Amino acid sequence: MKQKSFLKPRLVGSRFDENAIPLEFLKDLAVLEEMIVEVAKWEYFKQHPSRQRVPRGFTESISLKLAGIEKGCAIPAIDVFAESNDLLDPPSLFFYERAKDSIISAIEAAENNRSITDHIPEKALGYFDRIGRSLKSTEVIEFNLEDRPSPVRYTKETRRKLVLASTRMKEFTEETTQIGSIPEADQDNMTFEIQMINERKVKAPLTIQHSDIILQAFNDYKKGLRVQLQGVAKFSRQGKILEFESVEHVGVLDPMDIFARLEELRLLKDGWFEGKGIAPKDAGIDWLANAFRDHYEEDLPLPLLFPTIEGGIQVEWSIGPNEITLEIDLTGHSGEWHRLDIDKSNDDNRHLNLDEAVDWRWLASEIGKTTEEDV
């Protein structure tokens with residue numbers, strides 16, 4: 001059996017640092033092989049229109065395997081293995097190479113808003129629904145072709161374009177995280193409903209490993225208990241969530257959970273306060289959520305969050321005699337800190353650059369010290 005380098009996609013993003021590939025991503029590579037096989041058959045029939053089927057051994061004579069991980073973020077080295085002693089013998093190898101190039105050209109067409117079906121058949125676009133659905137907005141899969149000066153980029157947005165380019169696809173799937181409560185659980189049919197923060201209800205499968213948490217949330221629904229649910233959901237072509245196809249993680253949330261509150265604030269519209277008040281922008285909420293996730297330690301007390309008339313967010317802590325506020329400018333990524341010690345009538349102020357980790361460390365340290373002093 002002979003071995004030859006076939007494809008080396010480069011995975012870019014924090015999940016792929018240290019030359020590591022999450023296990024969940026390996027199934028994407030398996031789907032990529034399925035797609036290459038089907039497009040290779042399509043390439044064969046284009047050159048042999050009179051044939052009804054591919055030659056015997058077309059798919060059995062060669063196979064694609066993960067041969068290793070190279071440095072440079074994370075680069076899975078996918079090699080082609082041929083049963084023949086001569087790699088030139090398997091007739092399918094030529095069409096596998098053609099299929100690889102056609103798929104990458106289709107990705108490039110989507111990236112540049114050109115015709116996608118000039119490169120691969122419409123029926124093959126459905127494979128993209130299973131390739132990269134766990135991609136984060138900051139992650140990229142880069143493909144290189146010899147005749148391209150720069151890599152072709154496969155992103156979350158590019159993936160959506162490819163899937164929705166098919167008129168046959170009425171919906172697409174994507175990994176998502178939703179926050180909500182559980183108003184209904186059907187143990188007979190092993191399903192439940194999550195009522196999201198926008199009040200929409202969607203159905204999800206009730207699996208044994210998550211049943212205890214789901215039933216707890218169902219029983220405490222009227223008490224306002226919320227959960228965070230992560231899984232693969234079906235979306236309409238307009239991006240509206242329809243139902244969960246699978247559930248991977250479920251966790252009970254603290255009533256003051258920062259991220260649940262930010263999702264509530266995301267629902268505000270301009271004029272939310274007596275006809276006045278600018279609604280916080282989605283991009284600003286995304287930035288603040290990521291900043292809290294990266295810099296605010298879990299053992300620190302949770303604050304209250306309120307919208308400001310100017311479109312920002314005010315964060316408040318009440319710790320003993322200390323009333324602390326941080327008024328955040330979501331556009332400038334800055335914060336105005338103010339702390340008042342009611343007992344001593346002392347206060348202090350500070351301007352924070354919330355794009356700087358050092359300022360977040362100062363904030364966390366002050367909250368921590370104030371909490372310890374109160375104890």
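**Exercise 1. Determine which helix gives the most to the lining of the largest cavity, and with how many residues.**

Solution. Helix 1 contributes the most, with four residues. Residues are numbered from 1 along each chain as its sequence is written. The model is predicted, so that local features need pLDDT of at least 70 and side-chain atom pairs count only at pLDDT 80 or more, while totals for chains, interfaces and linings use all residues.

Step 1: terms. Helices (H or I, at least four residues) and strands (E, at least two) are DSSP runs numbered from the N terminus. On a 1 Å grid over the protein atoms alone, a cavity is a set of points where a 1.4 Å probe fits but cannot get out; a pocket is an open set with protein on both sides within 12 Å along at least five of seven lines; lining residues have an atom within 4 Å of a point.

Step 2: volume. The largest cavity has a volume of about 80 Å³, a volume being the space filled by probe spheres set on grid points joined across faces, edges and corners.

Step 3: lining. Of its 13 lining residues, L29, L32, I131, I141 and F143 lie nearest the centre. Helix 1 (23-47), helix 2 and strand 5 (140-143) each supply at least two residues.

Step 4: classes. The lining has twelve nonpolar residues, no polar and one charged (Ala, Val, Leu, Ile, Met, Phe, Trp, Tyr, Cys and Pro count as nonpolar, Asp, Glu, Lys and Arg as charged, and the others, Gly among them, as polar).

**Exercise 2. Describe how the axes of helix 5 and helix 6 cross.**

Solution. Step 1: the axes of helix 5 (residues 258-266) and helix 6 (residues 282-295) come within 10 Å and cross at roughly 175°. Axes are lines fitted to C-alpha atoms, for helices over the stretch in contact, and angles run from 0 to 180 degrees between N-to-C directions.

Step 2: helix 5 is therefore roughly antiparallel to helix 6 (an angle over 145 degrees).

Step 3: I258, F259, L262, L265 and R266 of helix 5 meet D282, I285, D286, L288, A289, F292 and R293 of helix 6, contact meaning heavy atoms within 4.5 Å. This contact has eight nonpolar, no polar and four charged residues.

**Exercise 3. Identify the residues closest to the centre of the largest pocket.**

Solution. Step 1: the largest pocket has a volume of about 2000 Å³.

Step 2: among its 47 lining residues, T177, E263, R266, D286 and R293 are the closest to the centre.

Step 3: the lining divides into 14 nonpolar, 13 polar and 20 charged residues.

Note on methods: Heavy atoms only, no water. Parallel < 35°, antiparallel > 145°, perpendicular 65-115°, else oblique.
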